[in-house]
Amino acid sequence: MNLTLLEVLRAFSRYRIRNPLMLFLRLGLTAAIIASGSIARLDFAFAAESEVVIEEAKIAMPPRGAPSMAGYLVIRNGSDEAVAVEAVESEMFGSISIHVTTIENGVASMRPAPIPFQIPGHSELQMKPGGVHLMIADPSAGLEAGGSVGLDVRFTDGSVVRAEAELVPFGGRPADHHHGASHE
């Protein structure tokens with residue numbers, strides 16, 4: 001079962017947005033994220049866990065000469081409270097940002113996701129092609145498919161969760177993994 005817009009808006013409620021245009025953009029991106037199925041309610045079995053876990057971290061290598069690549073992870077929030085992702089960082093890249101793909105009038109476009117990016121309690125964020133994903137720029141020299149790099153996911157409460165991301169060949173997209181939640 002996907003989260004409702006109301007549940008995600010409640011997670012955003014602790015951050016004041018005074019500019020009406022920014023509020024409108026955040027609401028639109030929130031609706032797009034929900035529609036993409038990227039945030040899902042977790043089943044009861046996972047609800048017993050009380051920590052944030054990162055799984056299935058993958059970075060797709062770019063085609064030769066391309067300046068950026070895409071990354072995907074699953075962030076599971078087993079706590080009762082929402083968590084807010086502030087940044088994803090790695091010493092192996094010049095920059096990493098969270099983006100969301102939206103479709104308007106039949107045209108797909110990517111936009112930066114609202115930061116901090118909220119994940120409600122007992123939910124997971126499933127980054128995947130065509131939805132929420134990492135835009136990664138300026139990779140260090142020497143990165144090759146089959147290797148791995150460390151990613152630090154930083155939260156607004158000051159905590160950091162480290163994940164090892166597998167480098168997959170160009171065109172090798174991650175499988176659509178999810179734990180218990182339906183995406184119907």
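What share of the contacts in the chain with a separation of 6 or more comes from residues 24 or more positions apart? The share is 73%, where a contact means heavy atoms within 4.5 Å.

Before you start, note that this is a predicted model: local features need pLDDT of at least 70, side-chain atom pairs count only at pLDDT 80 or more, and totals for chains, interfaces and linings use all residues. Residues are numbered from 1 along each chain as its sequence is written, and side-chain values use heavy atoms, with hydrogens and water left out.

**Whole chain.** Select everything. You have three helices and 11 strands; helices (H or I, at least four residues) and strands (E, at least two) are DSSP runs, numbered from the N terminus. Of the 184 residues, 46% are buried, meaning under 20% relative accessible area with a 1.4 Å probe, protein chains only.

**Confidence.** Colour by pLDDT, the predictor's confidence in each residue, from 0 to 100. The chain averages 77. Go to strand β10 (residues 148–155), where confidence is highest, at a mean of 97. Then select helix α3 (residues 44–47), the lowest, at 42. Over residues 42–48 pLDDT stays under 50. Residues 176–184 are also below 50. Where pLDDT is low, the predicted coordinates should not be read in detail.

**Glu 124.** Zoom in on strand β8 (residues 123–126), which holds Glu 124. Glu 124 is buried yet has no salt bridge, that is, a side-chain nitrogen of Lys or Arg within 4 Å of a carboxyl oxygen of Asp or Glu. Its nearest side chain of opposite charge, Arg 76, is 4.8 Å away.

Key: Buried < 20%, exposed > 50% of the residue type's maximum accessible area, 1.4 Å probe, protein only. Lys, Arg positive; Asp, Glu negative; His and termini not counted.
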